[in-house]
Amino acid sequence: MIEELLYSSPSLTNTLIFFGLGASLLMMVLGFVTYAILAERKVMGFMQLRIGPNRVGGPFGLLQTVADVLKLLLKEDTIPKAADRPLFMLAPVIAFAPAFMVLAVIPFSESLRFSDIGIGLLYYIAISGISTIGVLMGGWASNNKYALLGGMRSAAQMISYEVPLVMSVIGVILLTGSLNLIQIVEAQENIAFLFVQPLAFVIFMIASVAELNRTPFDLPEAESELVAGYHVEYSGFRWAFFMLTEYVYLFAMASITTILFLGGWNPVPYLEFIPGIIWFALKFSVVVFFLIWLRATLPRMRADQLMSFGWKVLLPLALLNIFISAVIKEIWF
Amino acid sequence: MELYHLYQNNYLVVLMFLLLGILLPIVALTAGKILRPAKPTKEKQTTYESGIEPFHQSWVQYNVRYYIFALLFVIFDVETVFLYPWAVAYDKLGIFALIEMTIFIVMLLIGLLYAWKKKVLKWM
């Protein structure tokens, strides 16, 4: 059905249907965020020999996040007098909009996909970079020393790790010959790129954790030194939007990792009877669990280690990987 | 014509996603505005500074290293702009383009090594 719709001439009906489809994905993502936060608290709880949320909504705390969101909705929203008011209010929107926009190009299965633009991967990388501006804007507009430090750190970290991130996927593009995410998944029908491009996978994982501002790279919001970093002056629902942005990016980053390296919806051999969407969900969940696991395991890095690791280790390795991939392609493909 | 429509429709989807991404914060914050209390006091509206009275502006000069890293980022990001089309069109270009790309990357690598040697990559 959606295929026919995509080939028909663009009209108001099309626009409305696309809007409806986008809204349903938005609802799904909000549902994911709600339970990803709970899962993170639960998993981290068990890893640290605690129980985690267990009161609101039954023994597993199933409604804990819902209660938290309602509380945030009813909380007073304070904007400091010294802050730059228009920028302060604009920042969460600028941070959030790209986070949702990148989801437009992600194919979830053979049939469940939204936009099929030829340059999907480039679009993802370009749009996701815009969120940094929102974070930096929030940090600057707060007129708070901690917030400014957090915002600047965030910008420096994002740009430093974006270079290895975009360079590591060049190997994947080289083997596929396309930037289209659907074609990248189809190219992995026989073997996932994880096994062809192990070095790229490691670089991509490390750089993506840094792009997500998660431990061990959570310097922009290091609680123990910067209070909360760039969103220290935010409260109520504006703060919730910064948090939402982070978790929507978690969703997007886990999806893109699944697509680029874990073979997307392609099944494991001999288990082809299980539908593609379930394979995608399984691989996706493994990536999300891995990211939570990292957070519970590793301590935070120092600012100087962070920068030199990105430029002196990851970048040369990513460049090396491009050559290894080109040589592999020359010999085998 | 069909492909042209496909192209238009795909970007229409992207546009709708942008619209939704902007609408959600606006709707949610407007709904919140109706629901939440608003009783601002002078103390509430001061900037947080670990409990002491905030002094000076925070819009100050910051470390110049941020600027140098931004410059390095621009150089390497532009490099990627060249690498992406090369990777996509590699099948048609062949071994000659590989050698050319090697020369290009080695030249940039020399730049990175120079920055390394000059201790630009060292924080503080």
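Reader: In which helix of chain A is the place of L291(A)?
Author: This is a predicted model, in which local features need pLDDT of at least 70 and side-chain atom pairs count only at pLDDT 80 or more, while totals for chains, interfaces and linings use all residues; side-chain values use heavy atoms, with hydrogens and water left out. Residues are numbered from 1 along each chain as its sequence is written, and chains are lettered from A and ligands numbered from 1 in the order in which they are written. Helices are DSSP runs (H or I, at least four residues), numbered from the N terminus. On that basis, L291(A) belongs to helix α14.

Reader: Is L291(A) buried or exposed?
Author: Buried means under 20% relative accessible area, exposed over 50% and partly exposed in between (1.4 Å probe, protein chains only). The relative accessible area of L291(A) is 4%, so this residue is buried.

Reader: Which residues is L291(A) in contact with, leaving aside its neighbours within four places in sequence?
Author: Contact means heavy atoms within 4.5 Å. L291(A) and S208(A) are 83 residues apart in sequence, yet their C-alpha atoms are 9.9 Å apart in space. The contacts of L291(A) beyond those neighbours are M205(A), V209(A), L212(A), R214(A) and L250(A).

Reader: How are α13(A) and α14(A) oriented to each other?
Author: Axes are lines fitted to C-alpha atoms, for helices over the stretch in contact, and angles run from 0 to 180 degrees between N-to-C directions. Helix α13 (residues 236–261) and helix α14 (residues 276–297) of chain A pack at about 120°, with axes 9 Å apart. Angles under 35 degrees count as roughly parallel, over 145 as roughly antiparallel, 65 to 115 as roughly perpendicular and the rest as oblique. The two helices are therefore oblique.

Reader: How do the residues of the contact of α13(A) with α14(A) divide by class?
Author: The residues of α13(A) in this contact include L250(A) and F251(A), and those of α14(A) include K283(A), L291(A) and R295(A). Ala, Val, Leu, Ile, Met, Phe, Trp, Tyr, Cys and Pro count as nonpolar, Asp, Glu, Lys and Arg as charged, and the others, Gly among them, as polar. The division is 10 nonpolar, three polar and two charged.

Reader: How are α7(A) and α15(A) oriented to each other?
Author: Helix α7 (residues 145–168) and helix α15 (residues 303–332) of chain A have axes 8 Å apart, at an angle of about 15°. These helices are therefore roughly parallel.

Reader: How are α11(A) and α15(A) oriented to each other?
Author: The angle between α11(A) and α15(A) is about 150°, and their axes are 9 Å apart. The pair is therefore roughly antiparallel.

Reader: Is N143(A) buried or exposed?
Author: N143(A) lies in the loop between α6 (131–141) and α7 of chain A, and has a positive phi of about 55° although it is not a glycine. Its relative accessibility is 4%, so N143(A) counts as buried.

Reader: Is L49(A) buried or exposed?
Author: L49(A), likewise not a glycine, has a positive phi of about 60°. This residue is found in the loop between α2 (12–47) and α3 (64–73) of chain A. At 81% relative accessibility, L49(A) counts as exposed.

Reader: Which element of chain A has the lowest mean pLDDT?
Author: The predictor's confidence in each residue is its pLDDT, from 0 to 100. Chain A averages 85, and 98% of the residues score at least 70. Where pLDDT is low, the predicted coordinates should not be read in detail. The lowest mean, 68, belongs to helix α1 (residues 2–7).
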